[in-house]
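Here is a short note on charged side-chain pairs for a reader new to this model. Please keep the sequence and structure in view while going through the points.

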Amino acid sequence: MKYKILIFTLILSSFSFSQKQENIFLQWKIAKNDTLKYQTTMHAIKAENKIIEKKDSSSIFHEFGKFQDALFQINSNIKYQTNLYLNKKNENLIDIEMFMLNNESNQYLEKLMNEANLENQKKDKKKQKKVKTENNDIENLNFDNVFKNLIDSNNNVVLRGRISKTGEIISTYYKNSQKNLISILFSLPNKEVEIGEKWKLNLNLIEMDQNFVADSTSNQNTVYIEKIIHQNNDQIAVIKYDINEYVLGDFNTPMAEMFGMKNNEKIYMKTSFIATGYFSLLKGKWTNYEGEMKIDSNFSMLGGKSKTEFKLIE
């Protein structure tokens, strides 16, 4: 009897081990001449930021603050659609386009542009001329031009990218912010993985320039399959994202005070991205995807505190 129990225990242990070590291959599956469409949400929520008030409301700082607030309003109100389809020249590659939905995006942007026009008309013309003479950079923050360019730009396409069917980013030539978005929403491990095995995304959420000198940094970049669930005759991989980046240091530029930085104050920035995606192994696509990115910085030019919610729904 003891031998039978021992044999049964060994068989059970072997079965559990083989289940745990199962290799899983995540791959996008899109039929030729077909398009995979997702309703896409990138809902930005701006937290209360610590801002230094300036007496001159027409300063660059004031204009930058208005521009930043307007961008948050845009991201909080515009709806997007993302299309994935096979590349015409190479069917092993997938092209990605994200665009603003015309009927809502144009109306909202035009509303903001009209509001900006009314505000500009109320300003004293002499003051406007003086500010323009002192610093031509303010012209670059002119809302008329910004919103008009957004409305007229490239049929409302806000993101392009290219990946392989196995989720490798091919379009590495785009800006870092574009590559980051492709990475968190559409990249896959590009190899077989086990449940619980961790891989990293190809991204950098924090990007500084040569004026920043770091004292300390940290970076955690973890993605893994938590489990496989069986649902409606399908196998769904539940994928978890846990990404955190942090930097602390000095921002050495005479312009820093204009953007809310105190003398000799250490600048820090924290970003985090937490998400859960449900990927169909049989259909080769997301069935649902929800994530949240948080930014926390004591330097208002870097965004202050904010949160952005990401969703992909078929």
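1. A salt bridge here means a side-chain nitrogen of Lys or Arg within 4 Å of a carboxyl oxygen of Asp or Glu. The model is predicted. E292 and K307 meet that definition, with N to O at 3.8 Å. E292 sits in strand β11 and K307 in strand β12, so this pair ties together parts 15 residues apart in sequence.

2. How accessible are these two partners? E292 is partly exposed, at 27% relative accessible area. K307 is also partly exposed, at 26%.

3. Strand β11 (residues 285–297) has a further pair to check. K285 forms a salt bridge with E314, and the closest N and O atoms are 2.8 Å apart. K285 belongs to strand β11, while E314 lies in the segment after β12 (305–313). The two are 29 residues apart, and the pair links distant parts of the chain.

4. Is K285 buried or exposed? K285 is buried, because its relative accessible area is 17% and the cut-off for buried is under 20%. E314 has 43% relative accessibility, so E314 counts as partly exposed.

5. Now look at E97 and R160. Their side chains meet in a salt bridge at 2.6 Å, N to O. E97 is in strand β4 (residues 93–100) and R160 in strand β5 (residues 157–164). They are 63 residues apart, so look for a link between distant parts of the chain. R160 is partly exposed, at 27% relative accessible area.

6. How many salt bridges does the structure hold? The total is nine.

Terms used:
Residues numbered from 1 in each chain as written. Predicted model: local features only at pLDDT ≥ 70, side-chain atom pairs only at ≥ 80, totals over all residues. Heavy atoms only, no water. Helix = DSSP H or I, 4+ residues; strand = E, 2+ residues; numbered from the N terminus. Buried < 20%, exposed > 50% of the residue type's maximum accessible area, 1.4 Å probe, protein only.
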